[in-house]
Amino acid sequence: MEKRILLSLAHMGGNEQKYIDEAFKESWVVPLGPNVDEFERRLCKFTKAKNVVALSAGTAAIHLGLLMLGVGPGDEVLCQSFTFAASVNPVKYLGANPVFIDSEKDSWNIDPELLEKAIIDRKKITGKYPKAIIPVHLYGMPAKIDEVIAIADKYEIPVMEDAAEALGSLYDGKACGTFGKYGALSFNGNKIITTSGGGALICPDEESAKRVLFYATQARENRPYYYHEHIGYNYRLSNISAGIGCGQMEVLQEHIDRRRQIHGLYTEAFKGHKYITVHQNPSEKYNSNFWLSTITLSNDSPVTADEIRLLLAEHNIESRLLWRPMHIQPIYKDCPFYGTGVSEDLFNRGLCLPSGSSLTDEDINTVITCIKSAFEK
Ligand SMILES: *Cc1c(COP(=O)(O)O)cnc(C)c1O
């Protein structure tokens, strides 16, 4: 059978099993232990963050981040519409209401101008400012995060940064996930590194990290019996999963380098193509990890993104349409939306290409040849 070329497959470095074996030997098969501590240390070192709490999922990280920001019933939270549902679902877990903001054309992420417009407008309509802002670094591409932070500071609204896809991405030399008051990372199976399932919350200081840990471990008060003053969650990462994470941290930079290389191969192959544009870092300030390489088709393209997806599928190649914006999802369609049509347009014209770090140059060439053939009829 022909080899199947996947979008983004988990890619083990080799030492993951060693950390798991050690955990078994020492009976650390629990949601705490040396691997969890070591994984957090390595994440801190890599991102230059001072306080990172390892959790069971990126979604859990966003949930606890918003909880720490005081988001509660009836509050409004401003969220990038062009994203995965996990960016915004935690807003609803807390009984709050999302307000969606469209993307700008350079980074494909939250549009700072629309963001400020929405802040002013929500204050007018509801009498109070939104409680938090959730920008996302989609596909690893940094958002215009300096402008977002400047607006957030101006109106004193804290930022919950969704860096689930952007571990290793830099804006102006600084790690995505470290700009907001809180930053969420994900280690789900298809992300840049995996712990099979897991996430982390980057926190502003030791005290808040301790509080996050408290909520993540069922909010047990410090007494000799179980005593609860708050609702807690079971969100801590297991020591086994963290073992995989420790092994993955050893190869993270290599894997990012490879994803950037793959993006370079696509860029070179489609340079000057009449209908295809490979999404690029908008300027020197942006340094995407290129978790996924993405393309858009021009308006006069004779084939659609979905036709290319189907053609690739016929050749055993997985690709995926871009995220369908939240403001047109059935579950969120009644939420307020501030937009100009950018994210819907991207959704209509865009495609994610196989980008996993274990893919060979030959695999990428197979993808490229197949895409080019779609235009040769
Ligand atoms: C994957 C992802 C999440 C959620 O992370 P999980 O670890 O799967 O819970 C959140 N936001 C974005 C943008 C993601 O891609």
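Reader: How do the residues lining the second largest pocket divide by class in this predicted model?

Author: In this predicted model, the lining of the second largest pocket includes 3 charged residues. The remaining classes there are 5 nonpolar and 6 polar. The division is therefore 5 nonpolar, 6 polar and 3 charged, with Asp, Glu, Lys and Arg counted as charged.

Reader: Which element gives the most to the lining of the second largest pocket?

Author: The second largest pocket holds about 220 Å³ of space. Its lining comprises 14 residues, with Phe46, Thr47, Lys48, Leu170 and Ala175 closest to its centre. Two or more residues come from each of α2 (34–47), β7 (174–175) and α9 (252–270). The greatest contribution, 3 residues, is that of α9.

Reader: Which pocket is the space taken by the ligand?

Author: The ligand is surrounded by 15 residues, the closest being Thr59, Asp162, Glu165, Ser186 and Lys191. Ser186 and Lys191 are also among the residues nearest the centre of the largest pocket, which has 21 lining residues. The volume of that pocket is about 280 Å³. The space that the ligand takes is the largest pocket.

Reader: What share of the area that the ligand exposes when taken alone does the protein bury?

Author: Oxygen atoms of the ligand lie 2.5 Å from a side-chain N or O atom of Glu165, 2.7 Å from a polar side-chain atom of Ser186 and 3.1 Å from a polar side-chain atom of Lys191. Taken alone, the ligand exposes 380 Å², and the share of this buried by the protein is 94%.

Key. Residues are numbered from 1 along each chain as its sequence is written. This is a predicted model: local features need pLDDT of at least 70, side-chain atom pairs count only at pLDDT 80 or more; totals for chains, interfaces and linings use all residues. Side-chain values use heavy atoms; hydrogens and water are left out. A residue is near a molecule or strand if one of its heavy atoms lies within 4 Å of it. A polar contact is a pair of N or O atoms within 3.5 Å; within protein, one must be able to donate a hydrogen and the other to accept it, and residues adjacent in sequence count only if both atoms are side-chain atoms. Accessible areas come from the Shrake-Rupley method with a 1.4 Å probe; for residues, only the protein chains shown count as cover. On a 1 Å grid over the protein atoms alone, a cavity is a set of points where a 1.4 Å probe fits but cannot get out, and a pocket is an open set with protein on both sides within 12 Å along at least five of seven lines; lining residues have an atom within 4 Å of a point. A molecule sits in a cavity or pocket if more than half of its atoms lie within 2 Å of its grid points. Grid points are joined across faces, edges and corners, and a volume is the space filled by probe spheres set on the points. Helices (H or I, at least four residues) and strands (E, at least two) are DSSP runs, numbered from the N terminus.
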